[in-house]
Amino acid sequence: MAGLLLAEHRRLALWLPVGLGLGIAWYFRLRHEPGTPGVLAWAGIAVLGLGWIAWRPYALAPRVLGGGAATLALGFLAAFWATHRQPPLPDLPARATIVTGRIVAVALLPADGPSVRRLDLADAVLDDPLDSGMPPLRRILRVRLRADDPLVPVPGMVVRVRALLRPPAPPSLPGGPDRQRRAYFDGTAGGGMALGRAQALGPVPGASSLEALRERVSAHILHVLPGAAGGVATAVLTGSAVGMKQADRDAFADAGLAHLLAVAGLHLGIVMGVSVAVVRLLLACSEWATLYWPCRSIAAIAGLAAGILYVALTGAHLPALRSLTMAALVVLAIVTGRRALSLRGLAVGAILLLLTGPADLLEAPLQMSLAAVMALAAGAEVTRPLFVRLIEQPGWWRRALRHIAHLAQASLLAGGATVPVVMAHFGTLQPWFVLANLLAVPLMAMWVLPLGLLSLLLMPWGAEAMALVPMGWGIGLILDLARMVSGWPAARLAVPAMPGWGLAIWLLGLCWLCLWAGRWRWWGVGPMVLALAVPLLVVRPDLLLSPDGRTVAVRDGAVLRVGPRPGSERLVEDDWRQALALPIAPGGITTCRDGVCLRDAPAAGCAGMVLLITLAPDDAGCPGVRMLDTLTTWKSGAQAVFLRSGGPLVVSDRDWRGARPWVLAPGQHGMPVLPLAQRE
């Protein structure tokens, strides 16, 4: 092992973000918040590890052991610091209240009918008997306006609206999606729906330049390209997909093309690539510039500027900002004469992203981005000699074959590396994604987006139709492809959600395969194959009780029977369907199985009962029999029951998540807005 590590000592630095990620994951897997002694212990480990490296900088053992311990501790401390600099989740009123706040963002929500606006309110003040006179909330409130609200909101406007607020939803089942943790680190307090029309207070500010520009661009696009093509064009040029019908969005998702609608790394790479090529071509037209100017560096900087403008125009969403960070590192590599697409550049970018947003490691966008880029960089490193030999030989068809092979390799590597991430977060598998992307990505890169950029340049002169009309032809081909692929057999397979430890096995195996250079890199294939089988090996719960204790689901063969009123809790049922990969079917509630009984009304029979799940609020239960009811879920959240030969095993959401800052108190109560006394 020492010999293998010594042979690849130049690649040891690539494992620094892996150590940071393991430390972050360690912190988030804890059931209780670490105290001062634990935090000091991790800080001591980091100092000792770095000190050992400084003492013996050229020895292999200090570099491996000291660096590994230090990065693990730094990841843990970064996650701890990011958690404790966030304000607590507030305790929102259970009844309707008057909300007054300043708009910081306006979002159009996708809808098949009239578009609905959602407001992000900062410095929100609640006007109800409990919160009257309290300081403003330190978090963002997201309020969805009524569809018939005539208000035209703009950022900076102060509004007053009567709304029904709710805290972030708890997990629908133990181990399910944790929306409370996501809201905690996103800076949101919760959301709600407006019960009346919003009222603007004070002078109405003008729309921001970017907001107004975005709306004008959308209006121009929809005027020239009405219908589905205009919705796709608006999505890729302004970042808003509200103009698309739900059926078309589902077709893109089923075909594995949903990433074409979300502005992220692919779109930014195309925009910057087109900009770099145009600037490089213009500079090549000048003999003086070609001979005396650093044209390559100038073109790269111009491409970065175009990327910054594109990200700002599309709303500066978090995935686009992450991609822009990586793009800036690529431009820095080009300007300094380093290799642009390299694993070292990826390691630097990953370290920056993990240290600035440790909680993002648990979310799908960052996992998919890092896994895809790592697979692309490692694949390019391995296949570069093959492609060089291919273009060195004469024949135009070899150059065309090289481009086709590049596209196929990119689709296969990026898509294959992210398959388990999609399985873990979305519970789906799209077998035809490679073929769909092989055809759709070139259309987007060489036809749709370049014409879209040209249309933006032509809009000030009113000539955008010259570019938007042919752009619509290309979008039509992509739409037809998405609809066709989504209609193929097994286009979208539901798979049981992969647990977090299974995804960790896959990612560690992928890191082993991509970050080493020797033959022992192939040892990583074993854990990756094992991770793919994890969803089929994990035992699924037999019964599920919703977080409010009003809905129960029973696994009955190949279906999940939900009652007593199927469809009353859509979010919970969608999470159950995704986690268990079973269709929802209505079913009776009163039943007994292996000593576990369900009932929705008080009953006298208790013979042979081991566990009672009741939906009746006045059910007294049975003497000596454990009971799960609304009071149980009020205290500990959603419940999962596993039927075993030794008796039923009950796991609650509180057992799974523990007591962490983002886990709300019993009854889903947060921290009161009133400043507490020092002891409290």
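Reader: With which residue does E33 form a salt bridge, and how far apart are the closest N and O atoms?
Author: E33 forms a salt bridge with R660, and the closest N and O atoms are 2.9 Å apart. A salt bridge here is a side-chain nitrogen of Lys or Arg within 4 Å of a carboxyl oxygen of Asp or Glu. This is a predicted model, where local features need pLDDT of at least 70 and side-chain atom pairs count only at pLDDT 80 or more, while totals for chains, interfaces and linings use all residues. Residues are numbered from 1 along each chain as its sequence is written, and side-chain values use heavy atoms, with hydrogens and water left out.
Reader: Is R660 buried or exposed?
Author: R660 is buried, with a relative accessible area of 4%, whereas E33 counts as partly exposed at 22%. Buried means under 20% relative accessible area, exposed over 50%, and partly exposed in between (1.4 Å probe, protein chains only).
Reader: How many salt bridges does the count come to?
Author: The count comes to 19 salt bridges. Among them, D360 and R322 meet at 3.5 Å, N to O, and both D360 and R322 are buried.
Reader: Which residues are joined into one network?
Author: Salt bridges that share partners join E8, R11 and E381.
Reader: Turning to R142, what is its salt-bridge partner?
Author: R142 forms a salt bridge with D120, the closest N and O atoms being 3.3 Å apart. D120 is buried, with a relative accessible area of 11%, while R142 is partly exposed at 33%.
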